[in-house]
Amino acid sequence: MPIDFHLGPKEAGVRDAAASFAQNILKPVRAEYMAYQTANEQFHVTRKAYAAASAGGMIKGQIPPALGGSGGSLIETAILVEEFYSVEPAASLTIFGTALGLMPLILTQKPEHREFLAPFLSCEGTPVASLVFSEPGGVANYLEKGAPGLNTTARREDDGWVINGEKKWATNSSGWDNGGADLACVVCRDITEPVDPDSDPKDRIMVIMVTRADLERNGEKSFEVVREVSLLGHTASGPGHHIKYTNVRVPAKNVLCQPGEAVKVVSGAFDLTAVLVGAMSVGIMRAAFDAALAFAKSDDRRGKVPLLERQAVADLLSSIKMQTEACRALTWKAAHAMENGPGDYNARRELALAAKVYCSDAAVRAVTDAINAVGVTAYDTEQPFAELLKNAIGLPIFDGGNVGVRRRHMQELMLSPSYDPWAATYGPSSATK
């Protein structure tokens, strides 16, 4: 029976290293940045944590060995994400935002693009990457026929491409100094030729890589931050400001996905990070449970016994604990399935989507239950619960909103004539073999 939830030596080592980094690097940097008022000030303080992650091989570790990195399995990454998020989500998100930014290169694995990975393999400095996809008007419906589609466009000119348009919400997209990420994978729409209104919008979507050097060569007006976006939670994370590209010219070698190739790659990137949002959710749920449990054991609210001996409080805490365990199991199952099967890609993808939707929704409920268990004391900002809730409520709506994107993708899978609901657990059913 191959089912085994014991951590092997490698997974246990990853967890120990991640827990140590979270306690010794992320936790102190959080205490430091909380002394600052603005998001940009807080973000800049976290740069030292990012530098430590880079020097420690954690950025290189997000790239698979086939491309020169030292990355492990998706389960190992999920374990690391949970440990980080249970201590400090904001600074962690900047690190994982770079993983998302590099994902299109990892998925395509084209030898001619290896040079773009070099800064992230060096274990030096603080290079950030960004998958620049979302836009000010949203992108949930960008592939509908007859709709405007992406406002960010690319036009072939001579031996290169020229990019124009505005983006928003892409973690790390403005870089450390609002001058742009070291590497941006910009999702855009090819407008080189007149558009046939009956054509499939997918056929015009492409991904073009834009480096910091490209932006500097194009001049200061080529990239600008239109508005700095202040977030409710994850305040110190790599900002996803409203940005604008103006006549950014890049060479043809920067095209990562030609028109018609990009949608599958972008979707694949977000399928993988869906699993990691599940792990982020588990980290926040775990932190909420631990804090509420400690409070319930030590506080009696002027009664004769600790709160944990009150049935109502114990019921809330046991619910949080059960949900956390269930979400971790689903996340690990989805991570394993994405890389190992069984089932075809759509069957495995459904588990990734389920991990994102179920776990992120559960995280919000869990923190709310923890607040109810603690009572009005949880409303004090000296307690962790307000910050946990502010971070938790971002999970269902970022990385593809649960309502506008992720549940719709699950619906599309179920509507498919070849839908095989339990293939990712038991393998293809007899009806589909």
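This briefing covers the cysteines and the aromatic ring pairs of the structure above. The model is predicted, so local features need pLDDT of at least 70 and side-chain atom pairs count only at pLDDT 80 or more, while totals for chains, interfaces and linings use all residues. Residues are numbered from 1 along each chain as its sequence is written, and side-chain values use heavy atoms, with hydrogens and water left out.

**Cysteines**

- The whole structure holds 0 disulfides, a disulfide being a pair of cysteine sulfur atoms within 2.5 Å.
- Cys185 is in no disulfide, and the nearest cysteine sulfur, that of Cys257, is 8.1 Å away.
- Cys327 is also in no disulfide; the nearest cysteine sulfur belongs to Cys359, 3.6 Å away.
- Cys327 is buried at a relative accessible area of 0% (buried means under 20%, exposed over 50%, partly exposed in between, with a 1.4 Å probe and protein chains only).

**Aromatic pairs**

- There are 7 aromatic pairs in the whole structure (rings of Phe, Tyr and Trp, the last by its six-membered ring, with centres within 6.5 Å; planes under 30 degrees apart are stacked, over 60 edge-to-face, the rest tilted).
- Phe43 and Trp176 are stacked, because their ring centres are 4.4 Å apart and their planes lie at 10 degrees.
- Phe43 is buried, with a relative accessible area of 2%, and Trp176 is buried with 6%.
- The rings of Phe133 and Phe270 have centres 5.8 Å apart and planes at 45 degrees, so this pair is tilted.
- Both Phe133 and Phe270 are buried.
- One aromatic cluster is formed by Phe21, Phe84 and Phe96.
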